[in-house]
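Hi,

Have a look at it first, then read on.

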Amino acid sequence: MRIGELAALAGVTTRTVRHYHHLGLLPEPARRANGYREYGLRDAVALARVRRLTGLGLSLEEVRDVLAARGSDAGRELHEVLTELDADLARQEEALRGRRARVRELLELAERGELPAEGPVSSELAALFGEMARAGARLPGPEPAMAAKERELLALLETAAPARAGREVVAALGVAGADPAAMDRMYRVYALLDELVEADVDDPRVARAARAVAECVPEAVLEAVGGVPGGLPHGGHGGEADGGFAGEVFADLAPAQAEAVRQAMRLLVERAR
C-alpha cells in the first residue's frame with residue numbers, strides 16, 4: 001500500500017502518518033526502488049492501534065509509553081495509563097457539570113431580565129446589581145455614571161480578590177443593598193460625585209461628597225474590605241495609597257471626584273480606629 005491508501009484505511013491523513021513516523025509511534029516501512037514507502041498489513045494494524053489509543057484521549061507521549069511496553073508490562077502500562085486517564089476525565093466531567101450549572105444560573109437571570117450588563121457575575125452580585133437598577137429607576141433622570149463605575153469595580157473585585165474576601169464584601173454589600181432606603185442614599189451620593197466631574201479639587205462640594213460617601217459605608221462592608229489585600233477604594237470603600245491599583249482607580253476619576261474619595265477614605269480610617 002502507498003501512504004495515501006494506508007491513511008484512508010485507518011481514517012487519518014497522510015500528514016498524520018508522517019507525523020507518527022517522526023515521533024517514532026509508527027515504524028518506518030521498507031521503501032521501493034523509487035523511494036516511495038511500501039506499507040503492509042502490519043503497518044495498518046499498528047496505525048489502527050495508535051488511532052484507538054489517541055481516540056481515548058491519550059497524549060502522544062502516553063501512546064509512546066504504551067507501545068514501548070513489551071510482554072506482561074504492556075498490559076500493566078496500558079492499565080496505569082487508562083487509570084490516570086479515567087481520573088482525569090472524572091475531574092473534567094465534574095468541572096464541566098459545575099460550568100453548566102453556572103451557565104444555567106445565568107440563563108435563568110437572563111430569562112427574568114436580571115442579567116446585568118457587567119455579567120457574568122455571581123448570583124449574589126447580580127442580585128445587588130438588580131437592587132441598584134431598581135434604585136436608579138426610582139430617581140429622575142439617567143443613572144449616575146458613578147453607579148456604573150461602582151458596578152465595574154465590584155465585578156473586578158469579585159474576580160481579582162481572594163475568593164473568601166470577595167464573597168464577604170459582596171455579601172456585606174448585598175445586605176446593605178437590600179434596604180431600599182440605604183440604596184437610595186447611595187444613589188444620591190453617586191449623583192453628588194457626578195456633579196464633581198468638572199469641579200475644582202477645592203470646591204466645597206468635595207468635602208460634602210466625601211462625608212456622604214463615608215456615611216453610606218456600613219460597618220460590615222468596612223470590615224469586609226479590610227480583608228482585601230491593599231483595599232479597593234471604590235465608592236470610598238478601601239485603601240489609602242495612590243500607588244498600584246488604587247492609583248489606577250483614582251486616575252479613572254475626575255480630580256475632584258478622586259479627592260472626594262481620598263477624603264472619604266480618611267474619614268473611614270478615623271471611624272475604624
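Asp252 is partly exposed, with a relative accessible area of 48% (buried means under 20%, exposed over 50%, partly exposed in between, using a 1.4 Å probe and protein chains only). Its side chain meets that of Lys149 in a salt bridge, 2.8 Å from N to O (a side-chain nitrogen of Lys or Arg within 4 Å of a carboxyl oxygen of Asp or Glu). Asp252 lies in the loop between α12 (244–251) and α13 (255–272) and Lys149 in helix α7 (residues 145–160), so the pair ties together parts that are 103 residues apart in sequence. Helices here are DSSP runs of H or I with at least four residues, numbered from the N terminus. Lys149 is partly exposed too, at 23% relative accessibility.

Before going further: this is a predicted model, where local features need pLDDT of at least 70 and side-chain atom pairs count only at pLDDT 80 or more, while totals for chains, interfaces and linings use all residues. Residues are numbered from 1 along each chain as its sequence is written, and side-chain values use heavy atoms, leaving out hydrogens and water.

On confidence, the protein chain averages a pLDDT of 84, and 88% of the residues score at least 70 (pLDDT is the predictor's confidence in each residue, from 0 to 100). Over residues 227–240 the pLDDT is below 50, though this stretch has 47 contacts in the model beyond near neighbours in sequence (contact means heavy atoms within 4.5 Å).

Back to the charges: the whole structure has 13 salt bridges. One of them joins Arg151 to Glu143, with the closest N and O atoms 2.8 Å apart. Arg151 counts as buried at 10% relative accessibility, whereas Glu143 is partly exposed at 33%. Arg205 and Asp203 form another, at 3.0 Å. Glu28, Arg31 and Arg37 are linked in a network.

Cheers

How values were computed
Helix = DSSP H or I, 4+ residues; strand = E, 2+ residues; numbered from the N terminus.
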